[in-house]
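The report below describes the helices, domains and nonpolar core of the model shown here. Please read it beside the sequence and the structure.

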Amino acid sequence: MTPEEEKEFIRRRKNRNVVIGLILAGFVILFYAITIVRMGD
Amino acid sequence: MTTGGGAPETGRPLHIEKPHLTTTVASTATQLPAEWRDFFALTKPRVMSLVVFTALCGLLAAPGAIHPVLGFTAILAIAMGAGGAAALNQWWEADLDAKMKRTAKRPLPSGRLRRSDARDFGMLMSGASVFIMLVAIHWLAAVVLAFSIFYYAVIYTMWLKPRTPQNIVIGGGAGAFPPLIGWIAVTGEITAMPVLLFAIIFIWTPPHFWALALFVKTDYAKAGIPMMPVVAGEKSTRHQILGYSVLLLAVAMLPWIIGGTGLIYGISALLLSVLFVVLSIPVGLRTSQPDDRMMQEKRLFGYSVIYLFALFTALVADRMVLA
């Protein structure tokens, strides 16, 4: 793997990790909100 | 999700014959990890926008109320289910997509994504969507959502699409589920109204898609898909487009006829559906010429998308006024 490819590899991996992290955080917030709503039922 | 590398996989866990699939997708799969955008593209975002819209309309038109958080969750689950089914569809049809100009640039045929990654992503999205619907919304909505994913990914994509020219008629069922599920998410039951919403999209799909197939038929023939214009011929397809358009007029009026909606929907459905028939008449009765620009077919296809958005918007507007 050339230095350029390695740089691109790291960039893509980082971007994917950030997106997965944001999605997981979103689900944590969503399930918290669902729990609050369901407790009020 | 794993990093890309090597030749795309050709083995599959399901033993269903695929005689029409003889080529492999691009063998230039990069060594680099796939971009998150490629996974997003697997969900067919354009189709998903229509799914989200019709599901939202089903949810808003249903009698009763749902907490906004739960409403959002239901729509999210439906969108995730549609995205998962779309990913499974592209996983299965990667070879076929590579043969068609319209689909050759998708992540799998272009080699930007590994096949197994698409399969795993599709399974994860599908499973998560049903789980969320089950624990957060309603068991019946989860059951119908699970069936809709199975219907699209297995019954339509793997079984019927490569085998029958009626594939689009049957496939229309898959796209018809979202408003039904949205409705069930609110009411928890299946009644005549959501079934009619299902029927509207079911009947709308053949003229919508065959209008497209008429002007991209070369692509489908090349890929070996038994699309109606390829198998039954252009004349028969045109007649069927007209027939389904007339049927759509009748079905679209039913929600108003049975008293499920008010005049806002009734008048809108009548005007929109009559225009649909009017635009279908030249498509249904004419014969294309060599080097035909297919303007009537393209116009009908474009209008069919507007039709569905307008009809479901009218449904929600009607409900809002009645409420």
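## Helix packing in chain B

In chain B, helix H3 and helix H5 (residues 115-136) have axes that come within 7 Å and cross at roughly 155 degrees. Here axes are lines fitted to C-alpha atoms, for helices over the stretch in contact, and angles run from 0 to 180 degrees between N-to-C directions. Helices (H or I, at least four residues) and strands (E, at least two) are DSSP runs, numbered from the N terminus. H3(B) and H5(B) are therefore roughly antiparallel to each other; angles under 35 degrees count as roughly parallel, over 145 as roughly antiparallel, 65 to 115 as roughly perpendicular and the rest as oblique. The crossing of H3(B) past H5(B) is left-handed. A crossing is called left-handed if the near helix is turned anticlockwise from the far one by less than a right angle, and right-handed if clockwise.

This is a predicted model, in which local features need pLDDT of at least 70 and side-chain atom pairs count only at pLDDT 80 or more, while totals for chains, interfaces and linings use all residues. Residues are numbered from 1 along each chain as its sequence is written, chains are lettered from A and ligands numbered from 1 in the order in which they are written, and side-chain values use heavy atoms, with hydrogens and water left out.

Helix H3 (residues 68-92) of chain B also packs with helix H6 (residues 139-160) of chain B. The two pairs are set out below.

| Helix pair | Angle | Axis separation | Handedness |
|---|---|---|---|
| H3(B) and H5(B) | roughly 155 degrees | within 7 Å | left-handed |
| H3(B) and H6(B) | about 20 degrees | 9 Å | right-handed |

H3(B) and H6(B) are therefore roughly parallel to each other. Residues of H3(B) that meet H6(B) include Ala77(B), Ile78(B), Gly81(B) and Trp92(B), and their counterparts in H6(B) include Leu145(B), Ile149(B) and Tyr152(B).

## Domains and core

Chain B comprises 13 helices and zero strands. Of its 323 residues, 55% count as buried, where buried means under 20% relative accessible area, exposed over 50%, and partly exposed in between (1.4 Å probe, protein chains only). The domain assignment, automatic or from a database, gives domain 1 (38-189) and domain 2 (191-323) of chain B. Their contact (heavy atoms within 4.5 Å) takes 34 residues from domain 1 of chain B and 32 residues from domain 2 of chain B. The C-alpha centres of these domains lie 21 Å apart.

The largest nonpolar core has 99 residues, and Met133(B), Tyr307(B) and Phe312(B) have the most contacts inside it. Both domains of chain B give residues to this core, so it lies between them. A nonpolar core is a set of buried Ala, Val, Leu, Ile, Met, Phe, Trp, Tyr and Cys residues joined through side-chain atoms within 4.5 Å.

Met133(B) lies in helix H5 of chain B and, at 0% relative accessibility, counts as buried. Not counting residues up to four places away in sequence, Met133(B) touches residues including Ala74(B), Ala77(B), Ile78(B), Leu145(B) and Ile181(B).

## Chain A

Chain A has one helix and zero strands. Its C-alpha atoms fill a box of roughly 60 × 10 × 5 Å, taken along the principal axes. Of the 41 residues of chain A, 15% count as buried.
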